[in-house]
Structures are given as C-alpha cells and as structure tokens.
Amino acid sequence: MNKRQFISSIVLVLFSVMVSAQALNNYKYVMVPAQFTFQNEEHQYNFNRLTKFLLEKYEFEAIIQGGNLPENLNGCEALLADVVKGKGFLKTVLTLELKDCKGQVLFRSIEGVSREKDYKKSYHEAIRNAFKDPKLARHHYEEKSLTAAGVSNSGALVVGNSIPTSRPRVVAEPTVAVSISKPNHAVAKKKIALNSRDLQLELQGKEYLFKATRLGYDIYQNGIKLGNAIVGANTSQFTVTAGNLSGKGFFDDFGNFVLQRVNPANQKTITDIMARLN
C-alpha cells in the first residue's frame, strides 16, 4: 500500500466513524430484547440487564422490551439493540448492533472477546469489551426539529430518524390527500387496524399469540413470551426478534403474517406464512 492509498484508507475510516456517530446522535431510546437469539431463556446470565446498564453509560435511555415505555414514544424514535454471537474456538465472541425501525444497522461495534470458561463470566466480559468501541463514547443525543421534507430547521438533512420530535408548522392537508388518493388505501387501513387487536396465528402446526402493544406486538407461545414484532415507519413492515422466528414480516391482505428470515446454515432467506386463526 502506497502513501496515497494509506491516507485514503484513514480518511474513509474517519468518515465512516463520523457518519455512524451522527446517526446515533439522532436517537435517545434503545429497546433491549428480554431474550437474544443465542439465549435459551429470558434474561439468561442476567445478560440483558447488563446490556441495558452499559447502554445507559453512553447517554442512551435503554428499555427492556415488555417494560414501561415513555408516553407518546413512537416505534421509530427508538433503536433496537441486538447482540450477535460470532464463531470462536474456546472463546466467546459478541458484537453489539443497533438497528432502526426498518431493520437497518446504524451501528456495529467491535468484536468483544472473552476466554473465560464460566458462561456468565464469559458473556459479561465479551459484551463489556464490545462496548469499548470508541464510537459509542461519542454518542450525545441531539434532538432535531424536522420539516415535512425531513430537513432540520438549520437546513441540514437528518440522518437515521424519519420521525420528527417537533413540528411547529406542519401542514396536515398533504398527508390526508396522499392517504385518500392511494389506490390501495382500503388495504392499508385494514393493516393498520390489525395492529390494535390481539391475533392468533399458526405456523407448521404451532399456534402463536400476537399481543398488541404500542410498538407492535409481543409474541407468545403456550403462554411463554418469545419476543416481539416492532412496527416500522410505514405501519406495515415489522422487525421480529423472537428466537427462531427472528426476521422481517408483514400482514398480507387476508391478515396472515408473512415472515422472512435467514437460515443460519446456508444464509438463504426463508419465507413462511403464519396463518391467521381469528
């Protein structure tokens, strides 16, 4: 690598760090699952509460999913935390990811590694090391005031947060006009209505309860909470964090839930239909 290539690489890395930090600064809240995909049960090893605690050290307001939410909190005003377990021989490798309501990864930490033999100690040490990422230390929430075009009052484009926290002069007429003129507005209204009630769904002979919340649904099987489905900005797309069901989904015109997830064995996308029973 010559000198020019080296300098270009440094500039690219610094630019990436700045963009990532700015995107995080648009968010105050982070939702932390009660169970990550690598856990066998909720709060195993007290890992989820530790993740919440570490996020709060970096000026986030972290909320364990299922807990009390701030009044009027919109689903797209909060990031979703995910911890990904990597492969490692005789070691634990964890990476923190922070995603927006559309499932886009806005932040991915450095790998946190531990060689502790005790599971609890190993997971705790690995996630603490992942949180040593210098980009997290730069997080400082900056409340933005957006216009209808998604531009701040200063004229700068706001990255990563499409939901305004303050709109002093938003005209309501354009929104109403768009809703009425859409050819499939009846279908859209039907999908929105689904979010206000509990649903019973079936997949491969197993029944699931989608219990309505302000952010989407909590997902249960046989009375046991598996995780949740968080609604996206357009109220039709969901990010599902529920063990083997984790992925993306949406309701079709008949009220069935179309679930798309990745097979970890071959990295291919699987599409399943969770049939609506009620």
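**Basis.** I note that this is a predicted model, in which local features need pLDDT of at least 70 and side-chain atom pairs count only at pLDDT 80 or more, while totals for chains, interfaces and linings use all residues. Residues are numbered from 1 along each chain as its sequence is written, and side-chain values use heavy atoms, leaving out hydrogens and water.

**Aromatic rings.** I took rings of Phe, Tyr and Trp (its six-membered ring) as a pair if their centres lie within 6.5 Å; planes under 30 degrees apart count as stacked, over 60 as edge-to-face and the rest as tilted. By this rule I count 15 aromatic pairs. One of them joins Phe-38 and Phe-47 edge-to-face, at 5.5 Å centre to centre and 80° between the planes. Phe-47 is buried, with a relative accessible area of 1%. I also looked at Phe-210 and Tyr-217, whose ring centres are 5.6 Å apart with planes at 55°, so this pair is tilted. Both Phe-210 and Tyr-217 are buried. One aromatic cluster is formed by Phe-36, Phe-38, Tyr-45, Phe-47, Tyr-119 and Tyr-123.

**Cores.** A nonpolar core is a set of buried Ala, Val, Leu, Ile, Met, Phe, Trp, Tyr and Cys residues joined through side-chain atoms within 4.5 Å. The largest has 29 residues, and Leu-55, Phe-60, Leu-96, Leu-98 and Ile-127 have the most contacts inside it. Among the elements that give two or more residues to this core are helix 2 (47–56), strand 4 (92–99) and helix 3 (119–130); helices (H or I, at least four residues) and strands (E, at least two) are DSSP runs, numbered from the N terminus. I then found a second, separate core of 17 residues, which includes Tyr-208, Ile-219, Phe-238 and Leu-245.

**Asp-133.** I located Asp-133 in the loop between helix 3 and helix 4 (134–137). Asp-133 is buried, with a relative accessible area of 1%. Its side chain reaches the backbone nitrogen of Lys-135 at 2.9 Å. Leaving aside neighbours within four places in sequence, Asp-133 is in contact (heavy atoms within 4.5 Å) with Phe-107, Arg-108, Ser-109 and Ile-110.

**Asn-74.** I found Asn-74 in the loop between strand 2 (61–64) and strand 3 (78–86). Asn-74 is partly exposed, with a relative accessible area of 34%.

Methods. Buried means under 20% relative accessible area, exposed over 50%, partly exposed in between (1.4 Å probe, protein chains only). A polar contact is a pair of N or O atoms within 3.5 Å; within protein, one must be able to donate a hydrogen and the other to accept it, and residues adjacent in sequence count only if both atoms are side-chain atoms.
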